[in-house]
Amino acid sequence: MYFNIPVKIHFGKNSIKENKKELSSFGKKAFIVTGKHSAKKSGALDDLLEALNTLSIEFILFNEITENPNISSIEKGSLILKQNNCDFIIAIGGGSPLDAAKAISLMYANNLNKNNIFDNSLHKSALPLIAIPTTSGTGSEVTPYSVLTNNETQIKAGFGSPLMFPKISFIDPKYTISANKHITRDTAVDALSHLLEGIYSLNHADFLQPLIFKGIELIYNYLLPCLEEPDNYQFRENLMLASTYGGMVIAHSSTTLQHSIGYPLTTVYGLSHGMANGVVMKNMMNFYEPHLDNRLNKLFEYLRINKQDFFNWLDKLDLKFEHHITEEFLTARIPEVLNSRNMAITPVKVNEEQLKKLYLQLNH
Ligand code: NAP
Ligand code: FE
């Protein structure tokens with residue numbers, strides 16, 4: 001057993017403003033990685049720029065990261081970084097800009113390209129990374145993972161390296177207030193998925209249980225109220241705590257088949273990452289349950305509900321798959337799921353037939 005989250009976390013309102021001086025130790029020029037709008041809309045970019053200005057830290061802004069970041073944008077970012085000689089990287093956004101910044105850092109520092117970025121043996125160094133999340137979902141600000149999509153092959157896949165842990169994460173729940181209902185719901189369901197996968201994973205560990213149970217309890221109690229009252233800071237803080245716990249959990253237990261089964265639903269059918277996890281959540285729970293040595297029952301005892309109550313609550317979130325799984329999809333996509341790195345820590349040895357069945361359940 002071990003517990004290792006080598007990330008300094010500043011959690012709470014105004015965490016950048018109150019701790020900004022720590023940025024000085026990373027150098028005089030920052031490379032800022034964001035998506036198109038959310039960094040600004042959330043208020044995080046303004047807070048950061050004010051801090052950098054006070055500290056006389058120069059910056060280059062690369063704001064071209066889109067949802068499910070594609071590998072070519074990592075190459076572009078890494079090239080711009082090279083041309084500008086920055087000392088460290090600051091990522092603001094949901095999981096997409098955070099994951100992109102991690103990959104840009106590795107690509108730049110090790111002179112990699114889109115064909116060899118996933119090769120762990122080539123990951124020797126990285127630039128220091130500061131993470132500022134604007135969603136309560138991926139937990140990327142406390143994980144060593146990055147998930148990238150190859151737009152040519154439509155294959156989405158994650159990889160991990162301890163070098164990708166951020167040095168500092170400024171986690172301020174107020175940045176999530178600008179997220180609309182869909183983003184709030186879908187990202188919370190992603191966090192829920194991470195927490196549940198801490199129960200499912202073959203790398204499950206007792207010392208993660210308090211984080212898992214508390215995180216799930218927070219989402220169960222506060223997601224629906226937060227959707228009703230999106231400006232409520234306390235609700236936002238509770239969801240952000242849950243996603244931080246979820247990130248800490250998967251940093252140890254990793255995600256499982258539940259995540260890999262969702263990736264093609266995103267690349268082929270366009271479901272958001274959280275929705276892709278959400279639409280398979282009930283079926284995956286039923287599928288895994290016989291192999292979990294009573295661990296799910298312990299969760300439900302803690303929540304003082306049963307599985308059906310949990311499913312009824314999930315139904316209220318209105319997670320729907322409004323497409324049709326086709327034979328072509330199954331033939332084309334099942335191999336990448338069977339080959340995904342998550343399969344190794346999935347509690348059930350899954351064959352092609354079982355996987356087909358899991359996908360086809362989405363048609364009902
Ligand atoms: P995202 O893809 O980063 O962002 C989704 C959308 O939400 C974008 O349109 C974004 O706008 C917008 N947005 C983000 N924050 C906002 C805010 N505060 N206010 C308004 N709009 C906001 O979403 P995500 O769910 O956080 O990240 C998903 C990605 O992370 C997936 O690729 C997934 O596979 C990956 N992931 C990574 C890990 C990990 O451990 N590294 C774990 C799970 C998932 P902009 O485009 O303008 O930014
Ligand atoms: Fe996820």
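Student: Let's start with Asp-172: which residues does it touch, leaving out those up to four places away in sequence?
Tutor: Keep in mind that this is a predicted model. Contact here means heavy atoms within 4.5 Å. With residues up to four places away not counted, the ones that Asp-172 touches are Gly-12, Lys-13, Asn-14, Ser-15, Tyr-233 and Met-240.

Student: Is Asp-172 buried or exposed?
Tutor: Asp-172 sits in the loop between β8 (168–171) and α6 (181–200). Its relative accessible area is 0%. Buried means under 20%, so Asp-172 is buried.

Student: On to the metal: which residues are the protein donors of the iron ion (ligand 2)?
Tutor: Look for the donor atoms lying 2.1 to 2.3 Å from the iron ion. One is an OD atom and the others are NE2 atoms. They belong to Asp-190, His-194, His-259 and His-273.

Student: How are those donor residues of the iron ion (ligand 2) spaced in sequence?
Tutor: Asp-190 is in helix α6 and His-273 is in helix α10 (residues 273–288), so this pair links distant parts of the chain, 83 residues apart. Written as a pattern, the donor spacing is D-x3-H-x64-H-x13-H.

Student: What kind of site do the four donor atoms of the iron ion (ligand 2) make?
Tutor: The angles among the four donor atoms run from 80 to 165°. To count as tetrahedral, all angles would have to lie between 85 and 135 degrees. The site of the iron ion is classed as irregular.

Student: What is the relative accessibility of His-273?
Tutor: Asp-190, another iron donor, counts as buried at 2% relative accessibility. His-273 counts as buried too, and its value is 19%.

Student: Which residues is Asn-277 in contact with, leaving aside neighbours within four places in sequence?
Tutor: Asn-277 is found in helix α10. At 1% relative accessibility, Asn-277 is buried. Two of its contacts, Asp-190 and His-259, are also iron donors.

Student: Now ligand 1: how much of its accessible area does the protein cover?
Tutor: There are 30 residues around ligand 1, and the closest are His-37, Ser-38, Gly-95, Ser-96 and Asp-99. A backbone N or O atom of His-37 lies 2.7 Å from an oxygen atom of ligand 1, while a polar side-chain atom of Ser-96 lies 2.6 Å from an oxygen atom of the ligand. Of the 930 Å² that ligand 1 has on its own, the protein covers 91%.

Note on methods
Residues numbered from 1 in each chain as written. Chains lettered and ligands numbered in written order. Predicted model: local features only at pLDDT ≥ 70, side-chain atom pairs only at ≥ 80, totals over all residues. Heavy atoms only, no water. Helix = DSSP H or I, 4+ residues; strand = E, 2+ residues; numbered from the N terminus. Buried < 20%, exposed > 50% of the residue type's maximum accessible area, 1.4 Å probe, protein only. Donors = N, O, S within 2.8 Å, 3.2 Å for Na, K, Ca; no water. Tetrahedral: all angles 85-135°; square planar, octahedral: opposite > 155°, others 65-115°. Near = heavy atom within 4 Å. Polar contact = N/O pair within 3.5 Å; in protein donor to acceptor, adjacent residues only side chain to side chain. Areas by Shrake-Rupley, 256 points an atom, 1.4 Å probe, with all protein chains shown as cover.
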